[in-house]
Amino acid sequence: MRITLEPGKWYAAEILSEEFSDSIRSYTPIKIRNLTSHGGGKRIFTLEFYHANYPSGVREKIYELRTLERNRNFILAVSTENKPKRTFLIHSISIEWLNRHFQANVERGQTAEDWLEINA
């Protein structure tokens, strides 16, 4: 069974691009708003999401992506319209991931999603 992105759910996203300077990678929790497959066997879909690690007022994003790899743990996709291209690694979000990249102070009994609903 392969991972399936679901509207209304939070995921961990790692976005790679040369535009991010020396680090080339940006980490962000994302909340899927909508996902539309373009069909036709080209593995292209439109992803509408809330980009939590972006400045306030510009967090709602829409990208057309082409799937490079999809398995039970992650989706690896590349933007079709951006220059330079952005590569997205999207996978399940965890408290450990939030702590590693954002020093989140998740309280006992909270899930990563609970914390994001309050703090993102």
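1. Of the 120 residues in the protein chain, 38% are buried, where buried means under 20% relative accessible area, exposed means over 50% and partly exposed lies in between, with a 1.4 Å probe and protein chains only. The model is a predicted one, in which local features need pLDDT of at least 70 and side-chain atom pairs count only at pLDDT 80 or more, while totals for chains, interfaces and linings use all residues. Residues are numbered from 1 along each chain as its sequence is written, and side-chain values use heavy atoms, with hydrogens and water left out.

2. The protein chain holds 6 strands and 2 helices, in the order β-β-β-β-β-β-α-α from the N terminus; these are DSSP runs numbered from the N terminus, helices being H or I of at least four residues and strands E of at least two. The radius of gyration is 14 Å, close to the 14 Å that the globule rule gives for 120 residues, so the protein chain is as compact as a globular protein of that length; the radius is taken over C-alpha atoms, and the rule is 2.2 Å times the number of residues to the power 0.38. Along the principal axes, the C-alpha atoms fill a box of roughly 45 × 35 × 25 Å.

3. Among contacts between residues at least 6 apart in sequence, 38% join residues at least 24 apart, a contact being heavy atoms within 4.5 Å.

4. Strand β3 (residues 44-51) is mostly covered, with 7 of its 8 residues buried. On one side, β3 pairs with strand β2 (residues 25-37) in the antiparallel sense over 7 bridges, where two strands count as paired if DSSP finds at least two bridges between them. In this pairing Thr36 stands opposite Thr46 in β3, and in the hairpin of β2 and β3, which has 6 residues between the strands, Gly39 takes a positive phi near 65 degrees.

5. Strand β3 also pairs with strand β4 (residues 60-70), in the antiparallel sense and over 7 bridges. Here Leu47 is found opposite Tyr63 in β4.

6. Is Asn105 buried or exposed? Asn105, which lies in the loop between α1 (95-102) and α2 (112-119), is exposed, with a relative accessible area of 64%. Leaving aside residues up to four places away in sequence, Asn105 touches Asn99 and Trp115. The C-alpha atoms of Asn105 and Ile75, which are 30 residues apart along the chain, are separated by 27 Å.
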